[in-house]
Amino acid sequence: MSASDKEDQRGNIVDRFRRSVFRGPVRPRDDTDRKRIVLSHLVLHNRPVRLPEKNIRYTHTWGLGGSSMILFSLLAATGMLLIFVYEPSPDAAYASIVRLRDDVFFGKLVRNIHYWSANFLIVIMLLHMLRVYFTGAYHGARQFNWIIGLGLLLCVLASNFTGYLMPWDQLSYWAITIVTGMIGYVPLIGGRLQDVVRGGPEIGPSTLVDYYAAHTTLLPALIIVIMAFHFWRVRKADGVVIPRSPEDPPEEKPATVLTLPNLLFRELVAALVLIAFIMVIALIFDAPLGEPANPGMSPNPAKAPWYFLGFQELLLHFDPIFAVFVIPFAAAMGLILLPYIRYDKDTSGILMMSRVGRRMGREAAITAAVVTPVLIVADEYLLDFAGWLPGVPPFITNSLVPAALFAGVCFVFRARLIKRHAASNNELVQSAFVFFGAAFVILTLTGVFFRGPGMALVWPWHR
Amino acid sequence: MSDKIKNPKNKEDARDDALSRRSFMWKLWIVLGGVALAEYLLIALDFVRPHPSKKQGNEDDIFVAGPLDRFAPKTVTAFPAGRFYLARLEDGGFIALSRTCTHLGCTVPWNADEGRFVCPCHASAFTMTGDVLSPPAPRALDQYAVRIENGVVKVDVSKPIRRRSFESSQVTYI
């Protein structure tokens, strides 16, 4: 027998069983144990043994990526329970949700946790995207991970959308009608795309079955696989980007600390705080359940889910093909190509690239915050390109004309910005990102709070 | 001659042959793998595409609206069960209209006082014949074929007919 076999044979059955389950130390006695645990643990070994000391700081990443994963875990845990009660057919769906809420032990709480986790997940993911962007964590080895992250965002939005239909109440039915109605405007393939997304010529039993299948199987599987890939790429890029101030060069050999306990305990605390927060929200605020869906009566107003209201707001100002296809496509292309632009310098780790970048970013945000509401109100009451240019067909006056004007203004601005700030193209791209991001946030806020009956502009208290 | 029998090819040629044979086999496996993947995707796509249930041959969805004289000229009657409106125009002709707004799909109610359809979602308005009165609707309401048999008005609700705007040929007369 070898020495280790002799070791294994020691002790009573309990000792031997315990040692067969835990092959290494469970409670670390010293730093060697701590390293060994991180290396040999199934879940923990996705972390490095040591990490740069500067990355420990909570305010470097705000734990947003990890929080997204926690929220996804909550969604999976509550979702797996919900599947046992929910019935995916138009006749039974609403009643099964009522049953869940009233008859199932803590059914209402489980549903609430699911609902709030889903909504906060979108916000947290977008904040994570902003953090990654503003710390320049998309250069070099991290370029493709940005794309993987965009894929995750898409899957999560699709999950939210398919889940939105499940209750089959007035809110769900008409929100899905509106959004799939928008899809019909995509040129050439719009009609067929709409039929696929609706599961048929209209929203009915096949829609619900399709969405249920996607929401409970395809999308979670995709998310798990893509998430694993996303974490892997972070490891391969030597972890999170290391923060530095604009004057410092990137560090070759940063000072490191042990992952266990420094990082892991912080992560544990952040996770527990997040879960507690979701619990409190879920205990106080109920997930909505309106009247059962009535295909014969559209509510007034009929709004898309809040994360798509920015696009619905665009639809009120531009020609449909422009608002539904051209602008979103351009935005998607911009996001996808973002890491691959030929930047003048590698600004990984510097918050907003430089002092110039911070200044320009501030200006861009303020400009968007002023210009966007002004344009929205102007378009509602003043602007009428179709009326001023009677000879031109409406689909040009409502799309290319305002777009051309806007592009002209941007061009003038760009020249001014370069002169005033001596900005490199890094900072210019960042300003554009901030501007359009802020504008889209304003559009979404307008759609949520300032649109009332007939989608007219109203003060929020008149909604 | 004996040379050729002893060394049919020299060593370099034999190596080249082996390499190209190997690379060919690799490429063949990759191509076959690609074909298998494409097969899976094609099958998956057909699972996802809508499969409407097939109707029996001649049995279209014929909705019996009622006898002629039940419908006065210049009125619109709603049929929630059939999901359409039946409009009888001033000259006595019938036109059956879909209740789905052509903008984003909301259900349009008929406003008898104003004499027009007004959509609650984005305020598109349509005339009694389904023509667009006010945007954002891009085209007239879809219509359904109307048949009048033995004094009874019947509407074929299986096929909504798309049209840009109202034309007198779309009206059905007795």
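Strands S2(B) and S3(B) form a hairpin with four residues between them. In the turn, B:Arg83 has a positive phi of about 60°. Strands, like helices, are DSSP runs numbered from the N terminus; a strand (E) has at least two residues and a helix (H or I) at least four. The model is predicted: local features need pLDDT of at least 70, side-chain atom pairs count only at pLDDT 80 or more, and totals for chains, interfaces and linings use all residues. Residues are numbered from 1 along each chain as its sequence is written, while chains are lettered from A and ligands numbered from 1 in the order in which they are written.

S2 (residues 75–79) of chain B pairs with S3(B) in the antiparallel sense over five bridges. Pairing requires at least two bridges found by DSSP between two strands. Within this pair, B:Thr77 has B:Leu86 as its bridge partner in S3(B). S3(B) is also joined by five bridges to strand S4 (residues 94–98) of chain B, and these two run antiparallel. Here B:Arg88 stands opposite B:Phe94 in S4(B). The hairpin of S3(B) and S4(B) has five residues between the strands. In that hairpin, B:Gly92 takes a positive phi near 90°.

Strand S3 (residues 84–88) of chain B has five of its five residues buried, so it is largely enclosed by the rest of the structure. A residue is buried if 20 or more other C-beta atoms, placed from the backbone, lie within 10 Å of its own; it is exposed at 12 or fewer, and partly exposed in between. In a regular strand, side chains alternate between the two faces of the sheet. Both faces of S3(B) are covered. One side carries B:Phe84, B:Leu86 and B:Arg88, the other B:Tyr85 and B:Ala87, all buried.

Chain B also contains an open sheet of four strands in the order S5-S6-S7-S8, with antiparallel pairing. Its edge strands, S5 (110–111) and S8 (132–134) of chain B, each pair on one side only. S7 (residues 125–126) of chain B meets S8(B) over two antiparallel bridges. B:Phe126 stands opposite B:Val132 in S8(B).

An automatic or database assignment supplies the domain bounds. Chain B is given domain 1 (2–48) and domain 2 (62–170). The centres of these domains of chain B, taken over C-alpha atoms, are separated by 64 Å.

The contact between the chains takes 20 residues from chain A and 13 residues from chain B. Residues are in contact if their C-beta atoms, placed from the backbone, lie within 7 Å. On the side of chain A that touches chain B, the largest share, five residues, comes from H9(A).

How values were computed:
Two residues are in contact if their C-beta atoms, placed from the backbone, lie within 7 Å.
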